[in-house]
Amino acid sequence: MRKRFEPQIEIGQLLIEDTPTPRSRDGMANLVIALRELYKNKPNRDRILDILESKLIKGKLRTGRPGMDLWRLFVLSQLRLSKQLSYDELHMQANYNRLVRQVMGVERASGFEEITFAYQTIVDNVSLLDDTSIQQINDVIVSFGQGEVFKKKEAEALQLKSDSFVVESNVHFPTDYSLLWDSARKCLDMVGKLEAKHGRLAGWRKLRYWRRRMKNQMLILSKACGSGGKKKEERVKACATVYLQTSGLLSKKIKENMHGLPVSEVSDLSIVLLLESYHSLLDKHIDLVERRLLKGEKIPQEEKMFSIFEPYTEWITKGKLRPNVELGKKENITADQYHLTVDCQTVEHQSDSELVIALADRLTPISKIGSWSFDKGYWHPDNRGLLEMEIPQVIMPKKGKSNKEESEREKATGFKKLRRKHSAIETNIHSLETRGLSRCPDRGWEHFCRYVGWAVCAYNLCCIGRKLQADYRQKDHLLQRAA
C-alpha cells in the first residue's frame, strides 16, 4: 500500500513547505529549492503524482504493508541523478542530510523518533518506473518551469535547439577475443553456481583449471596483437589457433554435459537457460575470431557485438578528435530558450537527418515554435522544407557547397544570429553529462532508458532551481538597497 504523501502532520514533523533556502551554487541546493516550489504548486505536483500512481498503484489493492510514499520516491530518484550519486551515497543522503530529508517530508525536530530507509528499499523503489512515465513527468516539469518560474507568456513562441551526443554504456573496450573470454567465463560461472548449490558435478572437476587456462591464452593473444616486431602475423595466428582449440574443447564439453545438469528448482532452470545463452555467444565469437585472425576476413558491422552484457551498445564515431570512438547509445535532445530540455530521444541506428520529421511530429502539435536551429548533421532538403511550413525561422546549414540562393540565405542577419545562439546547446549537453549522462552505470536496456530519463528530469529541476536562486538573490539585493 502506497500513499502519495503523508497528509497527516505528526508531532515534531518539519513541513516540506518550510524547507530553508540554501544559499549555495551546488547542484543539490538548486534541486532542493526546485522540489520545494514544485511541491507547493498543487496542480503540477498532483499531475506528477497522478503519473506515479497510475504506474505503481493502479490495479493493486489498497491493503498490505505500507510502501514508500510516491513523493519520497520521486525526490530520491531526482537526487541520485542531480549529483550522479551511487546507491550507497544516495542511502547516506536519505538518512543523514537534513535538508534532503525535510523536502522528502521525513525530517523531525530534535527529540522525536527519526524515519530511516534501508539500502535495499531505496534501490527497489528508485528503479520502478519506465521511460514512458518518466517522459510524462519531464513534460510536467518543463511546463512548470516555463510557466511558473521563467514566466513564459502563453503567446510567446519557443526558440528550440537540437543536437545529439553519446551516453556511454558500462562496458570495457571490445575485441572479439576478449568477448570470447567473457562468454567462456560466464559459462563457467553458471556451472560454478550449480556446483555450489548441488555439490560436485560430474565432468567438472577441473572447473578452476578451465578458467585459468582460457584467461591466460586470451592474455597471450592480446599481447601478441598489441605488440609489433617481425613475423607478428605468424605469432598472432599461432596464439589464436591455441586459444580457439581450447575454446572449442570447452564449447564441446558444455554441450555434452548440458543435459546432465541438475534442475530441481526454478532458480536452477534460470541458471541453465543463462548457460545456454552464454554458450551460443561462445560459439558465435569462436567463429568471429577464427574468420578474422586465421582466415583474414573483414567482419561486417552487423555481425559484430560490442558487449555480451549490454547487447544494445553501438560503436559510434561522430568525427571528434577525442574520443574518436564512443560505445553506447546516441541521445538526441531539444532545448528551449530557458535551457530546459523539452525532448530527449534515444536513437536506434539512425543518422541525425533521419530524426527531424519524427521530432517535428512530436513537438509542433503541442508547442508554438518561433525558431528551431540544428547543425549540419541534420540537413536534408525535405527536412528544411517540412519545418518551414510550420516554423517561421529554421536554422539548418547545408552540408557541402552552397548555391547562390542558399549562401544568401545563410548570410542573412537573422540566420547568423540564431546560428550563433545554437552553440548554447553544447552547454546544456555538458550539464547533462555532469548529471550522469556521460556514462550509465546501470545494467540492462530498461535501466539505461530509465537512467537517461531521470537524468533529464533532474537537469531540468536544477535549471529551475538555479533561476529561483537568482530571483532570491535579486530580491535580497533590492531589499538591501531599500534599507
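**View A. Lysines sitting over aromatic rings.** K206 lies over the face of Y209, 5.8 Å from the ring centre. K253 does likewise with W204, at 5.1 Å from the ring centre. A charge sits over a ring here if NZ of Lys or CZ of Arg is within 6 Å of the ring centre and within 35 degrees of the ring normal. A word on what you're looking at: this is a predicted model, where local features need pLDDT of at least 70, side-chain atom pairs count only at pLDDT 80 or more, and totals for chains, interfaces and linings use all residues. Residues are numbered from 1 along each chain as its sequence is written, and side-chain values use heavy atoms, with hydrogens and water left out.

View B. F306 and W315 make up a tilted one, at 5.8 Å centre to centre with 35° between the planes. Rings of Phe, Tyr and Trp (its six-membered ring) pair if their centres lie within 6.5 Å; planes under 30 degrees apart count as stacked, over 60 as edge-to-face and the rest as tilted. F306 is buried at 11% relative accessibility, while W315 is partly exposed at 33%. Buried means under 20% relative accessible area, exposed over 50%, and partly exposed in between (1.4 Å probe, protein chains only). Elsewhere, Y39, W71, F74 and W454 come together as one aromatic cluster.

View C. β1 covers residues 158-168, and nine of its eleven residues are buried, so the strand is largely enclosed by the rest of the structure. Helices (H or I, at least four residues) and strands (E, at least two) are DSSP runs, numbered from the N terminus. Two strands pair if DSSP finds at least two bridges between them. With β5 (residues 369-373), β1 pairs in the parallel sense over four bridges, and L160 stands opposite W372 there. With β3 (residues 326-335), β1 runs antiparallel, joined by eight bridges; here V167 stands opposite K329.

**View D. The largest pocket.** This pocket has a volume of about 420 Å³. Of the 19 residues lining it, V142, Q146, L158, I366 and S367 are the closest to its centre. Helix α7 (131-149), β1, β4 (341-347) and α12 (356-363) each supply at least two lining residues, with α7 giving the most, at six. On a 1 Å grid over the protein atoms alone, a pocket is an open set of points with protein on both sides within 12 Å along at least five of seven lines, while a cavity is a set where a 1.4 Å probe fits but cannot get out; lining residues have an atom within 4 Å of a point. Grid points are joined across faces, edges and corners, and a volume is the space filled by probe spheres set on the points.

**View E. The one cavity.** The count comes to one cavity of 30 Å³ or more. About 50 Å³ of space lies inside the largest cavity, and its lining includes R80, L81, Y87 and W454. Helix α17 (445-482) gives the most to this lining, with three residues.

**View F. Cysteines without a bond.** A disulfide is a pair of cysteine sulfur atoms within 2.5 Å, and the count here is zero. The sulfur of C239 is 7.9 Å from the closest cysteine sulfur, in C225, which is too far for a bond. C344 is in no disulfide either, as the nearest cysteine sulfur, that of C449, is 9.7 Å away. C344 is buried, with a relative accessible area of 18%.
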